[in-house]
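Here's a quick tour for anyone meeting this structure for the first time. Have a look at it, then read on.

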Amino acid sequence: MIFAANFKMNKTQKEILEYFSNFNFDGVNSNIMFALPYTSLSLINKLPQNNILYGSQNVHFAKKGAFTGEISVEMIKELGADFSLIAHSERRQFFGETDESAALRAQAALDSGLKVIFCVGENHRQRRANRTKFVLKRQLIKGLKNINNSQNLIVAYEPVWAIGTGKSATATEIQSTHAFIKGVLFSMFKTDIPVLYGGSVNIKNINDICNIKNVDGVLVGGASLSPDTMRELIISGSKK
Ligand code: PGA
């Protein structure tokens, strides 16, 4: 099981250091990933290291150049980042991320040896119009079309209507959508790609979600912001 936390635009350096000094990692053996704000990546070498990966929430595809406000793969690697989220729905929704730009970012990050958590998900309107599978397939095929080596690729299924709303998808929805995503990924890469679920994961639903077939882990936003809650999510989600 993979437990990935997305801090989004939360926590200063001081708060990140407090978070990790309060995090009790005793008895926690799962694969854990923290997507930090860029401003805290320089703290990585001061943070706990066993089985824990740290990364960014986005990364640019160009090596360098006139891209004001963007950050390159080399810049985050220099600070010790192991991975980046790519194409989170908030990037798609608020910052103009397209399937095409996401494809370039994923390719640049994977080519450099970083791991990538590539996010896909339908919005409420698409879901109501019964277009979920069509949208997911398009996001996967266009967004991952340049990828030759899928070894470091993880996909996160995050229905947009479930993010930060307290309303997660049902077990049946998650199971069938993950099966669909795994099928598309298998036809592209001829191997099993881990698929995480994200969208209002919390203490109440973690155990059920982690026991759903084809769920290889979770991507957690709001509930990851407290070290005690994140610990509890990892411990209950690791129980089979
Ligand atoms: P949430 O966010 O857990 O707060 O719904 C998940 C995400 O956006 O990655």
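Is the crossing of helix 6 and helix 7 left-handed or right-handed? In this predicted model, helix 6 and helix 7 cross in a right-handed way. Helix 6 covers residues 132-143 and helix 7 covers residues 171-189. They pack at an angle of about 35°, and their axes are 10 Å apart.

So who touches whom? On the helix 6 side you'll find Lys-133, Leu-136, Lys-137, Leu-140 and Ile-141. Those residues meet Thr-177, Phe-180, Ile-181, Val-184, Leu-185 and Met-188 of helix 7.

Now for the ligand. It has 13 residues around it, and the closest are Lys-8, His-88, Glu-158, Gly-164 and Ser-200. That shell splits into four nonpolar, seven polar and two charged residues. Here are some distances from ligand oxygen atoms to protein atoms:

| Residue | Protein atom | Distance to a ligand oxygen |
|---|---|---|
| Glu-158 | side-chain N or O | 2.7 Å |
| Ser-200 | polar backbone atom | 2.8 Å |
| Gly-221 | backbone N or O | 2.8 Å |

How much of the ligand does the protein bury? Taken alone, the ligand exposes 280 Å², and the protein buries 94% of that.

Technical notes: Residues are numbered from 1 along each chain as its sequence is written. This is a predicted model: local features need pLDDT of at least 70, side-chain atom pairs count only at pLDDT 80 or more; totals for chains, interfaces and linings use all residues. Side-chain values use heavy atoms; hydrogens and water are left out. Axes are lines fitted to C-alpha atoms, for helices over the stretch in contact, and angles run from 0 to 180 degrees between N-to-C directions. Helices (H or I, at least four residues) and strands (E, at least two) are DSSP runs, numbered from the N terminus. A crossing is left-handed if the near helix is turned anticlockwise from the far one by less than a right angle, and right-handed if clockwise. Contact means heavy atoms within 4.5 Å. A residue is near a molecule or strand if one of its heavy atoms lies within 4 Å of it. A polar contact is a pair of N or O atoms within 3.5 Å; within protein, one must be able to donate a hydrogen and the other to accept it, and residues adjacent in sequence count only if both atoms are side-chain atoms. Accessible areas come from the Shrake-Rupley method with a 1.4 Å probe; for residues, only the protein chains shown count as cover. Ala, Val, Leu, Ile, Met, Phe, Trp, Tyr, Cys and Pro count as nonpolar, Asp, Glu, Lys and Arg as charged, and the others, Gly among them, as polar.
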